[in-house]
Structures are given as structure tokens and as C-alpha cells.
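Subject: Structure handover

Hello,

Here is the structure I said I would pass on. Please open it next to this email and follow the notes below.

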Amino acid sequence: MKFYCTTGRGTECFLKKELKTKYDDVAVQETDGKVFFHGNVTGEDALQQLLSLKSAERIFVDILHVPVGQLDKRGLLTLLHTSVSDMKAWQEGLDTLEHLGLLKVSPVFGQNEGDSHSLDNECPPKKRKTGSHVSGASFRVSCKLSGKPRLKLDLKRTSSQMAVLISRLLGWRADPRNPQFEVNIHLNDSSLTVGMPLTEKPLSQRSYIKHCGLRTTVAWIMADLLAIEPEDRVLDPMCGAGTILIEAAVNWKCGTYLGIDKDMAQLCLTWENLQDTRIPVSIHLIQGDATRVPLPDGCVDKVVTDAPFGQNHLVDVSLDMFYKHVFSEVFRVLKPNGKFVLLTSRSLVNCVQSLCASAQNSHSYTSQIVQCTGPSEISTTRQEPKQEEIGCHVSRSMSHVYEVKGLIQDCDSNGGRHFILKNLFNVKLGDTEGTICVMEK
Ligand SMILES: C[S@@+](CC[C@H](N)C(=O)[O-])C[C@H]1O[C@@H](n2cnc3c(N)ncnc32)[C@H](O)[C@@H]1O
């Protein structure tokens, strides 16, 4: 059985690792933005296993995947027609879909009418007996041309030519508005890939995250890089809508999670996410400043954050100065050997590298905490948070938001120690490019 996943540029290696961890005997090949794998994906829960991949954007049955040389327009069209006409490739692909229980009899033939829209990762369609035909199924072609093929071929014309070809070949009916199946065709300078998605919605569109800040796949990768262990206390000091913490808490239930953000509107998004998610998770929230973290020294095991790049979320001082203060505070609150995973912009990597050699100066603090039962309702006044508060279990319905008034005193308490920069990973984030920095105290 052959599959491929699409994933953000730069994150292919993480998906490859995830696949290798999940499946002992699959062969994996990564290309730019896609990871191909084939092997024995069987068992009762084969489909659920595939749909539970966390670093993939979308997953497809690989119908065909052929190299593309230097071709002119005519050559590209010939390659498209010849490759897409390969009935053996279609038969193998459809067999895989059937094995996974995703081939459904067309409503045209009056069977399983209610199943026609169930290509959804949350409600996989019911299994059907092997051998049933799918003649007359409706489908849509999603065609993408990039690189030179984009300049040489007309996208609309190519899409409709491919739809006619597939319709004749499989006896399916093109229905762009209301299709049972989608056929994805991607032609670029190096390859032609034809696949059929296993789900209508991307895997990255999580059922448990309503307001998504950071891409969920990148959030999962950052949480994975933390290597969360049982009882670990994990802090995101600029948590925004809480995407990283929710992704971590859902997938690593053994940890305890704490989110800080200075902006109450952002904390409200996390709050709403926690109310909305169907998976109970344990996350505390504090309104506070990442440059004056209202926590005692050495009280967390791991810190993970997606710091402002200076584009959407502005900071009061220069970015260099802001990062210096944040690093200093993260260093202070982390336990010895604690891990710090940071997403920043490529242009700030030099700043991170220089801070790794100088995260020495720290603060001690006193602060007053006002505990709220919800984003707007303030109910209790407390003194400094005790370490136990970070560790105690709070279900999503009992999560707390705190307002913090801190008093910072400067001191140098770290004795010249500093972060060790372990790894840098460049990742594409839509139009921008970021770097994940993995550090250790
Ligand atoms: C890039 S966003 C984080 C997005 C988040 N990962 C998510 O998934 O929604 C950066 C966050 O840092 C917060 N922030 C900026 N300066 C801060 C500070 N001094 N202390 C705490 N949070 C801060 C912003 O309010 C914003 O929510």
C-alpha cells in the first residue's frame, strides 16, 4: 500500500521520524513538502492509525508518482495523459482505499446514499464488503502546477482534460461541487504526483482546537522536541491561543501545563479552546509578562514558546532586548538541564545564538496573584504562586486565569551558566519562515 502526506517545508524530517516510530516496516522517502511511504499498513485500526499522524497536513493514497524531465508543453501533456491512464496504478490505489473501508458505492446506484459526504477525518466512512464496484462515483480533480509546468500549461484546461480522462477510465462522474472523491494532481519540475486524500478536511485541522494561532503541525513538532516525561511541568510564557500547550496536553497527557500571556484577549482564546475541546486536558493560565515571569526559580522542567517576530505581535522594546529579557527569565525558571524549545524568525537566529552564550543575568521576584474563575471574573486574591499550584491537576472546566502584578528585583543568580544550543530547524510558516531552536540549560 502506497501513501503520501503533504507537510510544511522543513518539517518533512519530523514526519519521517513520526512514520518510522509508528510503523516498523514502512519505506519512507521525503521530497520537498511531501513524504511518501509504502508498506504493510494493516489491522482493524489501520485507517485510524493513518489519520492520527500529527506532523502531516494531509494524507493521500499514492496512485502514481513519476519523475519529470526537461519537457516542453507537448511533452508535459503526453506525460500527464500516459501516466494518468495507467489503469494498474488506479486499481492498486482503489484497492488500498477499499482495504481502508473508504470506497463507497455510488448513490447513482441507490446504495449507501448517506455515506456520500463522509470523507471526514472525524467520522471515517463505514467499511464495505470487498469486491463491490464504485462505478458511477462522483469526483473532483484538484490540479496544481508549479515551477516551469505552471508557465507552460493552462491550469483550468489541464484540470478539465484530466477530469475527462479519469471519468472515461474509471466510469466516474465529474462533479466539482458535490464529489464523493477527490483526485489530486500535482505537477512540478521534478515529479508528477496523483493521489486521493483519505479525508476531506486536512489532518492538521484538529477537532480539539477551535482558535488556532500557530500551525498545529508545528506546535506538535515543538512539543515532540521537548521530549515530555511523566510529571514534567511545561511552561509556555507567550502562549497566545494556547495551540502549543493544547497540542502537548492532548498528546502527552503525563505532563502539567502552564500558559502565560500578557494579553487577556489571547488568554481568552486559550480559555475558549479549553472550553471547546472534547479532550480533557490540564492547563493553567496566568496573565503575565514573559520578561518578568511570576514564578519561582527552577520550578519548570520544560519551556516551549512561539515568540513574537515583531510583525503581528509588537513588543515595547527592541526585539533583541525583548529576547534578552525573555531568555534571562526562561533560564531562571527552568530546572537544571531543563529544555527550551523556541520558534522565532530566521532573522532573529543570530540574536538567539548570541543569547545562548550569555543567558546569565536573572531576576528574583515577588508578585501578587489574582485568581479568576474565568477570563472576566476575578474571585480570589493570593500571594506568590507555590510550585504545587503549577503541578496540581485542573480539568479544562476548572482551568484558572490569573492576573499578575509583579515586582521585579535584578540579581545575578545563575553563576555564569548558559543555554546550550542543541539544534536549529528552519520551517515554513505560510508566507513567513521560522526557525525552531532547541536549547538546554
Ligand atoms: C506569536 S504569538 C503566540 C501564538 C501562539 N503560539 C498561538 O498558537 O496562538 C506571540 C504571543 O506573545 C504574546 N506576548 C508578547 N509580548 C509578551 C510579553 N512581554 N509577555 C507575555 N506575552 C507576550 C502576545 O500577546 C502573543 O499572544
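Which residue stands opposite Phe-139 in S6? The residue is Ala-174. Please keep in mind that this is a predicted model.

**Overall make-up**

The protein has 441 residues, and 42% of them count as buried. Its secondary structure consists of 12 helices and 18 strands. If you take the contacts between residues at least 6 apart in sequence, 76% of them join residues at least 24 apart.

As a reminder, strands of a sheet pair through backbone hydrogen bonds, and the pairing is either parallel or antiparallel. You can look up examples of both here. Strand S5 (residues 138–145) pairs with S6 in the parallel sense over two bridges. S5 also pairs in the parallel sense with strand S7 (residues 181–187), over seven bridges. In S7, Phe-139 stands opposite Phe-181. For the antiparallel case, see strand S1 (residues 2–6) and strand S4 (residues 58–67), which are joined by four bridges. Phe-3 stands opposite Val-61 in S4.

**Strand S12 and its partners**

S12 (300–306) is another strand to look at. It is mostly covered: seven of its seven residues are buried. Two bridges join S12 to S9, and these strands run parallel. Leu-235 stands opposite Val-303 in S12. S12 is also joined to strand S13 (residues 334–345), by six bridges and again in parallel. In S13, Val-341 is the bridge partner of Val-304.

**The core**

The largest nonpolar core has 97 residues, and Ile-59, Met-222 and Ala-223 are those with the most contacts inside it. Why does this core lie between domain 1 (2–197) and domain 2 (216–440)? Both domains give residues to it, so it lies between them.

Leaving aside residues up to four places away in sequence, Ala-223 touches Ile-228, Ile-244, Glu-247, Ala-248, Asn-251, Trp-252 and Val-304. Among these, Ile-244, Glu-247 and Ala-248 are buried residues of H8.

**Helix H8**

H8 is mostly covered, with seven of its nine residues buried. The buried ones are Thr-243, Ile-244, Leu-245, Ile-246, Glu-247, Ala-248 and Ala-249. What covers them includes the helices H7 (216–226) and H9 (264–276), together with the strands S9 (233–236), S10, S11 (283–287) and S12.

**The ligand**

How many residues surround the ligand? There are 19, and the closest are Gly-213, Met-238, Gly-240, Ala-241 and Thr-243. Helix H8 (243–251) and strand S10 (256–261) each supply at least two residues of this shell. By type, the shell divides into eight nonpolar, six polar and five charged residues.

**Single residues to check**

Leu-79 is in helix H3 (residues 73–84). Is Leu-79 buried or partly exposed? It has 18 C-beta neighbours inside 10 Å, whereas a buried residue needs 20 or more and an exposed one has 12 or fewer, so Leu-79 counts as partly exposed. Not counting residues up to four places away in sequence, Leu-79 touches Val-68, Leu-71 and Leu-192. Leu-79 and Gly-69 are 10 residues apart in sequence, and their C-alpha atoms are 9.9 Å apart in space.

Two residues have a positive phi although neither is a glycine. Glu-231, with phi near 75 degrees, lies in the loop between H7 and S9. Glu-231 is exposed, because 10 other C-beta atoms lie within 10 Å. Asn-337 has a phi of about 65 degrees and lies in strand S13. Asn-337 is also exposed, because it has 9 other C-beta atoms within 10 Å.

Regards

Technical notes: Residues are numbered from 1 along each chain as its sequence is written. This is a predicted model: local features need pLDDT of at least 70, side-chain atom pairs count only at pLDDT 80 or more; totals for chains, interfaces and linings use all residues. A residue is near a molecule or strand if its C-beta atom, placed from the backbone, lies within 6 Å of it. Ala, Val, Leu, Ile, Met, Phe, Trp, Tyr, Cys and Pro count as nonpolar, Asp, Glu, Lys and Arg as charged, and the others, Gly among them, as polar. A nonpolar core is a set of buried Ala, Val, Leu, Ile, Met, Phe, Trp, Tyr and Cys residues joined through C-beta atoms within 7 Å. Domain bounds come from an automatic or database domain assignment. Two residues are in contact if their C-beta atoms, placed from the backbone, lie within 7 Å. Two strands pair if DSSP finds at least two bridges between them.
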